[in-house]
Amino acid sequence: MDWTESFRKAWVVTDLTSRYLLATRRVIATALLAAVPLILTLSLAAARVAIFDISLFQILMIPLFLQVVLIFVTLVNATALIREEIDDNTLPFLLTRPISKPALVTYKYVGYLIAVLVLLVPPLILAYGVTEAYRGLGFTTDLDVLWGFLATTVLGSAAYGALFLFISVLIRRPLAGGLLIGFVWESVVGSIPGDVPKLSVIHYLRTILSHVVAIGPLNGYAPDLSAGVAAGILIAFSIAMVILSAFVFQQMEFRQKAG
Amino acid sequence: MNGVVEAAGVSKWYGEVLGLNAFTASFGQGITGLVGPNGAGKSTLFKLLIGQLRSDQGNITLLGENPWNNVPLKRRLGYCPEQNQLYGWLTGQQFVEVLLRLDGMPAAKARVEATAALKVVGLSNAAHRPTRGYSRGMRQRAKLAQALAHHPEILILDEPLSGADPAGRVHILRTISDFARDGGHVLMSTHVLYEIERITNNIVLIHNGKAIAAGNIHAIRALIDEHPHAVRIDTAKPRQLAQALARMDHVVSFEFPASDTLVVRTRQPDAFYRELPQIVSDTKLEVHGLESPDDSLDAVFRYLVG
């Protein structure tokens, strides 16, 4: 195998995908949503809310960022990776080049990850910075909180993205399926007793975050796993979903407009 | 089996719809025209050849190899899809360059080859404009540029003339002819026999998923000539253009289905396509696109297959 050539192809698909996700009109909606944490903290600072501090930041960010912003941004971008190219009839340009379908899926997933982190991470860091600055504290004062949110952002983006990518190669209308899983299953699963919550991504994200955040929705949350194990499970889940997506994509036929 | 394309009893179903019906044919070297009305199975055959579909029955080979999930074979083919969508935010130059780099070409070489391919198809002037602003004819040429830029052995072109303006058609046909003259093979579909006859006599007629005739086509052409051939022209001044075209004695009728559309029926399509550019040039009327609705061809096919 020519590694230089493989790397070149990987870079081209990754770059094309991230530019596709960041340069088309969808980015306006996703960037606005990704900026909600920053907009919210700026609003709280501008309104001079007395109780606005790192505790309020955490209380607000868990439901808002983890359960709405993260899921929506990953859903919109991950389901567009393959399905949108099928619907737009641009996929034949890629499929008639000497690159295997599993490689195409993998490189597109990497491109997705870059695009989504570009959208999500800067507003989160800035929102944290605004919170600390409002209290007159240094940027590093509550760095563990920032690291906790950044870790869940990266791992959540990877896991949700892989899951939604898999859904998008399985069904024709992945947004509907993704909405159902992202906003219904992931919301209610925490209230189901027993081991059922372990069948959700949010369970492991909460587990990671609960080691640094013990207030608001995570007050009294008793994780049964260490943060490292939870992170390992999310990484393994992401890899498994990407492999499954690649396998399904390898067997897919592309009818498009039949002549 | 030593043809460029060999198909033996190939069938493809889309649910209960039959896309190809025990299609058997062998396409040789040079340019082969695949002619048939919309829905005849041309695009299905092409998608089988580029490995986008898998046959339900029978065997199909391209350059002696099974195309399904055959990555190395893709280096040897250039494909121009029927659909006109491109990556709209990329310029023509970037579009061709990106696809060349997927062939494993280094960036510098891809730039040079992309520039050359765009020049061949006559798109140099628009190379640095985003493709979302391209006309249908320009998109056809951009698709052709990406198909031939990596110097493939075979070009598979699905309706490459659809929607192109008269000058664009001439450019595209010349590019295809030059590619074949330099030793390349071309498989090109159209539902307009007269377009492809200008570059090859080697034609396969396809209807209802079956190859119904192959080889030199003059006899069948004579039958087809008995049926008036419809040409739809997009122009801002359809009535003025109709006036100018009325001097052609082979024109049978005109229709004006929309304020910017003229449909002409002619008994001599060859002559019509030959004389049209001169008339358009003399009258200085703008023609934005040409289409040949396949109803007349469909009638001929129904006649041929009984």
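Analyst: A residue is buried if 20 or more other C-beta atoms lie within 10 Å of its own, exposed if 12 or fewer do, and partly exposed in between, the C-beta atoms being placed from the backbone. This is a predicted model, in which local features need pLDDT of at least 70 and side-chain atom pairs count only at pLDDT 80 or more, while totals for chains, interfaces and linings use all residues. Residues are numbered from 1 along each chain as its sequence is written; chains are lettered from A and ligands numbered from 1, in the order in which they are written.

User: What makes B:Lys284 count as exposed?

Analyst: B:Lys284 has 7 C-beta neighbours inside 10 Å; the limit for an exposed residue is 12 or fewer, so that class applies. B:Lys284 is placed in the loop between α9 (269-283) and β13 (287-291) of chain B, with a positive phi near 60°. Most residues other than glycine have a negative phi.

User: How do you know on which side of α3(A) the buried residues lie?

Analyst: The helix α3 of chain A spans residues 36-46, and its buried residues are A:Pro37, A:Thr41 and A:Leu44. They cover an arc of only 60° around the axis, and therefore lie on the same side of α3(A); the arc is that of the directions from the helix axis to the C-beta atoms. The face turned away from this buried side carries the exposed residues A:Ser43 and A:Ala46. The cover of the buried residues includes α4 (54-88) and α6 (101-134) of chain A. Just after α3(A), A:Arg48 takes a positive phi of about 55°.

User: How many residues does each chain bring to the contact between A and B?

Analyst: Residues are in contact if their C-beta atoms, placed from the backbone, lie within 7 Å. The contact takes 27 residues from chain A and 33 residues from chain B. On the side of chain A, α1 (3-23) and α5 (91-95) each supply at least two residues, and the largest share, six residues, comes from α1(A).

User: Which confidence values does the predictor give the complex?

Analyst: The complex has an ipTM of 0.85 and a pTM of 0.83. Chain B averages a pLDDT of 88, and 91% of the residues score at least 70, pLDDT being the predictor's confidence in each residue, from 0 to 100.

Technical notes: Contact = placed C-beta atoms within 7 Å. Helix = DSSP H or I, 4+ residues; strand = E, 2+ residues; numbered from the N terminus.
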